[in-house]
Amino acid sequence: MSELVRAHSPADPLVAPEHNWSSTGRLVAHVTLEHQARWRWWIAFGAALMLIGVLAGSVGWLLYEGVGVWGNNIPVTWALDIVGYDWWIGVATGSLAVSSLLLLLGSEWRGAVNRLAETIALLGVCAAGLYPIIHLGRPWFFYWNLPYPNTFLLWPQFRSPLYWDAIDIVSFLGVAFLFWFTGLIPDLASMRDRAIERMEKGEGKPGQFYRRLKAQLYGIAALGWRGSVTHWQRWEHSYRAIAAMGLVVVLSLQMGAAVMFAGTVEPGWHDPMLPVAYIAGALLSGVAVTGTLLSIVRFVLPYKPLITPRHFALLGWLMLGLSLLFLYCDFCSFGATALFGNDYDRGVLSRRLHGDHAWATWCSVLCSVLPPQLFWIPLFRRSSIVVGLVGIVVAFGAWCDHFMLIVITLQHDFLPSAAHPYSIALFGMATFVGTGGLFLFLFLLVLRYVPVISIVNLRWLLPALPIRHNG
Amino acid sequence: MAEPKHSSGAPLWGVSAEFDTPEAMLSAIRSLKPRRFGRIDAYSPIPVEGASEALGLPPRPIYPFALGASLLGAAAMFGMCTYATIWGYRFDIGGRPLFSWPAFVVPSVSFAALLGAIVVYALLLLMSRLPRLNHPAFNTANFTRASADRFFVAVEARDDSFDADAIEAAFVALPARPHAIHRVPR
């Protein structure tokens with residue numbers, strides 16, 4: 001438990017003791033500029049490109065043939081498309097919420113984690129953003145969802161969840177990008193200065209053109225940041241204000257999702273516990289994916305001194321607490337339905353527990369709740385491998401949770417004649433795997449060109465250099 | 001007195017001293033500020049607590065603008081939904097109420113956050129006078145280390161009374177002496 005209460009301590013450091021704030025910044029900049037771990041990166045990039053090929057193939061077939069290729073039917077009009085969309089949004093909102101909460105609460109250990117979490121939020125919503133467009137049936141008319149002046153003099157239907165979704169995802173994308181980029185500005189300035197130093201050292205050697213180009217591009221991206229007192233004052237306030245906006249948009253998205261479900265007449269979507277359950281589930285999957293990617297980054301890039309067992313222990317504690325909250329929410333909503341629900345609600349509950357797709361329910365409960373219990377044991381929560389693996393299992397559990405919630409309800413609502421079996425189709429899975437490829441592709445580019453560990457936040461952790469008197 | 005010049009012949013922008021620690025930077029600001037040599041600014045790799053107070057910068061709070069912009073965003077989205085459903089495009093479905101406000105809440109809250117974030121970001125750029133491609137501070141020798149491990153205190157020449165020698169002497173006389181002192185061309 002001591003990982004939670006102690007601040008930066010020499011016995012269990014958040015940064016390896018041989019590092020000071022100059023060397024941490026130089027390490028991060030060096031890794032980003034010099035492209036170490038080159039072959040590992042290229043292997044992963046090749047895999048990402050192949051998955052993007054899968055995405056292109058399945059979306060191409062979808063556009064040619066229609067949404068039936070996903071296995072969607074009447075009444076299961078929302079199947080893997082909305083499951084995948086909700087899963088990505090859950091991961092994105094969860095990691096954005098974690099990053100902004102840690103900032104607003106002043107957690108000093110966020111340095112190694114926050115940039116990664118913000119990146120997951122930004123790229124996760126890019127992967128999610130594909131779905132609402134391609135599942136429209138006629139995706140080339142997606143802009144009909146937005147209020148724009150048009151010759152038909154028509155407005156969108158503001159009472160429709162489709163419109164809410166369009167505004168939600170645009171807002172989330174905007175806020176996530178601004179949060180990510182605002183935090184990045186001083187680090188980009190750091191990168192610019194290291195790139196200039198590298199350029200000066202490389203004078204007269206081959207490759208100078210690219211070193212200069214890199215310095216110029218980082219310089220443009222850094223917007224002319226010089227780290228003056230005025231800059232820092234404005235930056236700190238702005239960063240915190242945008243973090244607060246991030247929390248608002250996360251709550252709006254997750255609670256909004258519950259309101260959207262409740263806006264239908266379908267049984268099983270009207271529990272007052274659902275908004276809380278969605279937030280718990282989103283946070284859990286966000287922390288899980290952050291933990292997994294953190295352990296991958298630690299494996300691929302030479303960041304072992306900066307990403308320490310203490311970070312994994314803290315993420316482990318978070319996952320543990322959130323999994324218990326998730327269990328509580330499930331228990332409450334299942335229990336309330338069993339005790340007080342009407343016949344249709346109880347019918348959905350019984351299909352969830354032992355229907356055709358009961359595996360989704362059991363995988364959701366078992367994968368989201370049981371594996372994090374390993375983190376009661378210090379050995380496991382301090383291990384990057386265990387945190388990474390548990391993260392994958394928990395993320396799979398979150399996917400099953402969305403599947404249970406959407407497909408099992410839609411398959412059978414009020415009339416026996418309206419029920420129709422559904423089974424997962426190959427192209428539904430291929431599209432989901434393809435969006436994973438899109439995420440991986442973008443993530444690898446960020447890993448390659450952007451300091452994925454926040455230099456400024458790391459420096460806050462470390463004691464200043466000793467005062468040196470000249471002469 | 002003639003316009004102060006750098007040794008290269010370019011007009012002088014200011015004199016900048018390079019320190020190792022935030023404490024040394026703060027004490028330099030505090031001791032030079034009352035002596036009215038010129039406009040003082042400091043450049044550091046991390047935010048230094050107390051620096052803006054030492055420089056006497058006016059507190060320019062960003063939070064009221066964030067709140068105001070969010071409320072404006074919420075009102076704008078809510079207002080548009082209300083206008084369209086009640087007046088702009090009346091669509092009577094079985095006599096249901098036209099002003100169905102609960103349906104407008106979710107997009108209003110999301111849009112509030114978006115507008116708040118955009119306004120905060122715009123204010124950050126506006127108040128920091130960014131983006132810009134160059135600034136005389138970048139002419140300081142060794143300035144790349146302002147983003148690594150050095151703290152710079154610069155006194156800028158704003159008029160002809162600027163006395164570079166006196167400022168250098170003041171920097172040298174500090175208890176925590178600077179690592180280096182640079183004259184910076186504009």
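## Cis peptide bonds

B:P131 sits in the loop between α4 and β3 of chain B; helices (H or I, at least four residues) and strands (E, at least two) are DSSP runs, numbered from the N terminus. The peptide bond leading from B:L130 into B:P131 is cis, with omega near -5 degrees. In chain A, the bond from A:I74 to A:P75 is also cis, with omega near 15 degrees. A:P75 belongs to the loop between α3 (38-65) and α4 (80-104) of chain A.

## Model and numbering

This is a predicted model, in which local features need pLDDT of at least 70, side-chain atom pairs count only at pLDDT 80 or more, and totals for chains, interfaces and linings use all residues. Residues are numbered from 1 along each chain as its sequence is written, while chains are lettered from A and ligands numbered from 1 in the order in which they are written.

Chain A has a mean pLDDT of 91, with 96% of its residues at 70 or more; pLDDT is the predictor's confidence in each residue, from 0 to 100. Over residues 465-471 of chain A, pLDDT stays under 50, and the model has 15 contacts beyond four places in sequence for this stretch. Two residues are in contact if their C-beta atoms, placed from the backbone, lie within 7 Å.

## The sheet of chain B

Chain B contains an open sheet of four strands in the order β2-β3-β1-β4, with antiparallel pairing. Two strands pair if DSSP finds at least two bridges between them. The edge strands, each pairing on one side only, are β2 (39-43) and β4 (180-185) of chain B. From one strand to the next, the twist averages 20 degrees; axes are lines fitted to C-alpha atoms, for helices over the stretch in contact, and angles run from 0 to 180 degrees between N-to-C directions.

Strand β1 (residues 12-19) of chain B pairs with β3 (residues 151-156) of chain B over six bridges, and β1(B) pairs with β4(B) over six bridges. B:S16 has a partner on each of these strands: B:A154 in β3(B) and B:H182 in β4(B). B:G14 stands opposite B:E156 in β3(B). Between β2(B) and β3(B) there are five bridges, and B:A42 has B:V153 as its bridge partner in β3(B).

## Burial around the sheet

Eight of the eight residues of β1(B) are buried, so this strand is largely enclosed by the rest of the structure. A residue is buried if 20 or more other C-beta atoms lie within 10 Å of its own, exposed if 12 or fewer, and partly exposed in between, with C-beta atoms placed from the backbone. In β2(B), four of the five residues are buried. Helix α5 (residues 164-172) of chain B lies across β1, β3 and β4 of chain B and runs at about 10 degrees to β1(B).

## Domains and nonpolar core

Chain B is divided into domain 1 (12-59 + 135-185) and domain 2 (63-127); domain bounds come from an automatic or database domain assignment. The C-alpha centres of these two domains lie 46 Å apart.

The largest nonpolar core has 189 residues, and those with the most contacts inside it are A:V175, A:I242, A:M319 and B:I29. Such a core is a set of buried Ala, Val, Leu, Ile, Met, Phe, Trp, Tyr and Cys residues joined through C-beta atoms within 7 Å. Helix α6 (residues 161-201) of chain A gives the largest share of this core, 18 residues. Domain 1 and domain 2 of chain B each contribute at least three residues to the core. Not counting residues up to four places away in sequence, A:V175 touches A:I242, A:M245, A:G246 and A:V249, together with B:A113, B:L114 and B:A117.

## Contact between the chains

In all, 59 residues of chain B are in contact with 57 residues of chain A. On the side of chain B that touches chain A, at least two residues come from each of α1 (22-32), β2, α2 (51-54), α3 (63-88) and α4 (102-127). The largest share of that side, 18 residues, comes from α4(B).

## Individual residues

A:L223 has a positive phi of about 65 degrees although it is not a glycine. A:L223 lies in the loop between α7 (208-221) and α8 (229-262) of chain A and counts as partly exposed because 17 C-beta neighbours are inside 10 Å. B:R36, which is not a glycine, has a positive phi of about 55 degrees. The place of B:R36 is in the loop between α1 and β2 of chain B, and B:R36 is exposed, with 8 other C-beta atoms within 10 Å.
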